Amino acid sequence: VVTWEVEGLQTVGILLVVCSSLKLMHFLGLIDLSMADSVEDDFELSTVCHRPESMDKLQEQTKFTKKELQVLYRGFKNECPSGVVNEEKFQTIYSQFFPQGDSSMYAHFLFEAFDTNKNGSVSFEDFVFGLSIILRGTINDRLNWAFNLYDLNKDGCITKEEMLDIMKSIYDMMGKYTYPTMQDDAPREHVESFFQKMDRNKDGVVTIEEFIESCKKDENIMQSMQLFDNVI
C-alpha cells in the first residue's frame, strides 16, 4: 500500500519505479520459467522490424539468465510484434494500470528513462537493460537509475521544478480522488520535504552524490530497494 506521508516521499518514488516496471512485465506476459523451454526458437526465428541481440550476448550484458530472457522476450513479442514500443503504446499500457487517474505524464518520464538511445522507441534490449538494473543491479545502480528518471533534463542535478513535475505526474497517475484529503499544494509540500532531506549543502539542487548518500541513510528506501530481489 502506498502511503502519502511527507517523510515517505522518497520511498513512494522508488517503489513506483520498481512497481511500474513489474506491472509492465506482467502486462507483457511474464510467465513461470518452467513454461519457457520452447521460447528459444521464437527468439531466433521471429520476423520483426527490430531484431534483438543474440540471447547469449544479452545474457552477458544483463543479469538475467537465458530462460528469464526467453520468458521476457515472449511477452514482449506478443504485445509488441514490431520489436519496439513507442511512447504512445507505453502510455496506453500505463493507462490500464492506473485507470483511476491520468498516467500519461508519468509514463512519459518512465519512457524517457528506458529510451536510452533517445530515438523515440524502446527496444527489447532497452527494456531488459533497464529491468536488469532495477531488479538485479547493485544499490548504487538502482539509485543511479532512479536519479536519472528524476533528472528530467539530464544535466546531473535535480531541481525543485523537475521534482515538482515528477510529483504532479504521480498525483495525476494515482488519481486525486483516491486521496480526497490531499490539497492542491500537496505535491509542492512533498518537494520541499524532499529538498530539506536531500539537498545537503542547501544550494537549491540535488546532485547524484547527495541523492545516493541520503537514500542509503533512509531505512525505508533501502528496504523498498530490496523488495523485488530475484523477482523472476
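1. Helices in this note are DSSP runs of H or I with at least four residues, numbered from the N terminus. In that numbering, isoleucine 134 belongs to helix α7, which covers residues 124–136. The structure discussed here is a predicted model, and its secondary structure comes to 12 helices and 4 strands. Isoleucine 134 has a relative accessible area of 4%, and because buried means under 20%, this residue is classed as buried. Its C-alpha atom is separated by 9.8 Å from that of asparagine 144, a residue 10 places away along the chain.

2. The mean pLDDT of the protein is 75, with 70% of its residues reaching 70 or more. Helix α2, residues 39–45, has the lowest confidence, at a mean of 43, whereas β4 has the highest, at 97. Over residues 1–15 the pLDDT stays under 50, although the model has 40 contacts beyond four places in sequence for that stretch. The pLDDT is also below 50 over residues 24–48, a stretch with 60 contacts in the model beyond near neighbours in sequence. Where pLDDT is low, the predicted coordinates should not be read in detail.

3. As to the overall organisation, the protein has 232 residues, of which buried residues make up 50%. Among its contacts between residues at least 6 apart in sequence, 70% join residues at least 24 apart. The largest nonpolar core has 56 residues, and the members that touch the most others are Phe127, Met163 and Phe211. Helix α9, residues 160–174, supplies the largest share of this core, with 8 residues.

4. What does the aromatic content look like, and how many aromatic pairs does the structure hold? There are 10 aromatic pairs. In one of them, the ring centres of tyrosine 73 and phenylalanine 124 lie 5.1 Å apart and the ring planes meet at 75 degrees, so the pair is edge-to-face. Because tyrosine 73 is in helix α4 (residues 66–79) and phenylalanine 124 is in helix α7, this pair ties together parts that are 51 residues apart in sequence. Tyrosine 73 and phenylalanine 124 are both buried. Tyrosine 150 and phenylalanine 211 also form an edge-to-face pair, with 6.0 Å from centre to centre and 75 degrees between the planes. Here the link runs between tyrosine 150 in helix α8 (residues 139–150) and phenylalanine 211 in helix α11 (residues 208–216), which are 61 residues apart.

5. The members of that last pair can be classed from their accessibility. Tyrosine 150 has a relative accessible area of 4% and is therefore buried, the limit being under 20%. Phenylalanine 211, at 1%, is buried as well, and it is one of the residues that touch the most other members of the largest nonpolar core. Elsewhere, one aromatic cluster is formed by Tyr73, Phe76, Phe90, Phe111, Phe114, Phe124, Phe127 and Trp145.

6. Helix α8 has 12 residues and reaches 17 Å from its first C-alpha to its last, close to the 16 Å expected at 1.5 Å a residue. The buried residues in α8 are Arg142, Leu143, Trp145, Ala146, Phe147, Leu149 and Tyr150. An α-helix has 3.6 residues a turn, so residues three or four places apart point the same way.

7. With its neighbours within four places in sequence left aside, serine 169 is in contact with Asp102, Met105, Tyr106 and Phe109.

8. The charged end of lysine 160 sits over the ring of phenylalanine 195, at 5.8 Å from the ring centre. Lysine 118, although not a glycine, has a positive phi of about 55 degrees; this residue lies in the loop between α6 (104–114) and β2 (121–123) and is partly exposed, with a relative accessible area of 46%. Lysine 202 likewise is not a glycine and has a positive phi of about 55 degrees. Its place is in the loop between α10 (186–198) and β4 (205–207), and at 56% relative accessibility lysine 202 counts as exposed, because the limit for that class is over 50%.

Technical notes:
Residues are numbered from 1 along each chain as its sequence is written. This is a predicted model: local features need pLDDT of at least 70, side-chain atom pairs count only at pLDDT 80 or more; totals for chains, interfaces and linings use all residues. Side-chain values use heavy atoms; hydrogens and water are left out. Helices (H or I, at least four residues) and strands (E, at least two) are DSSP runs, numbered from the N terminus. Buried means under 20% relative accessible area, exposed over 50%, partly exposed in between (1.4 Å probe, protein chains only). Rings of Phe, Tyr and Trp (its six-membered ring) pair if their centres lie within 6.5 Å; planes under 30 degrees apart count as stacked, over 60 as edge-to-face and the rest as tilted. A charge sits over a ring if NZ of Lys or CZ of Arg is within 6 Å of the ring centre and within 35 degrees of the ring normal. A nonpolar core is a set of buried Ala, Val, Leu, Ile, Met, Phe, Trp, Tyr and Cys residues joined through side-chain atoms within 4.5 Å. pLDDT is the predictor's confidence in each residue, from 0 to 100. Contact means heavy atoms within 4.5 Å. The expected span of a helix is 1.5 Å times one less than its number of residues.
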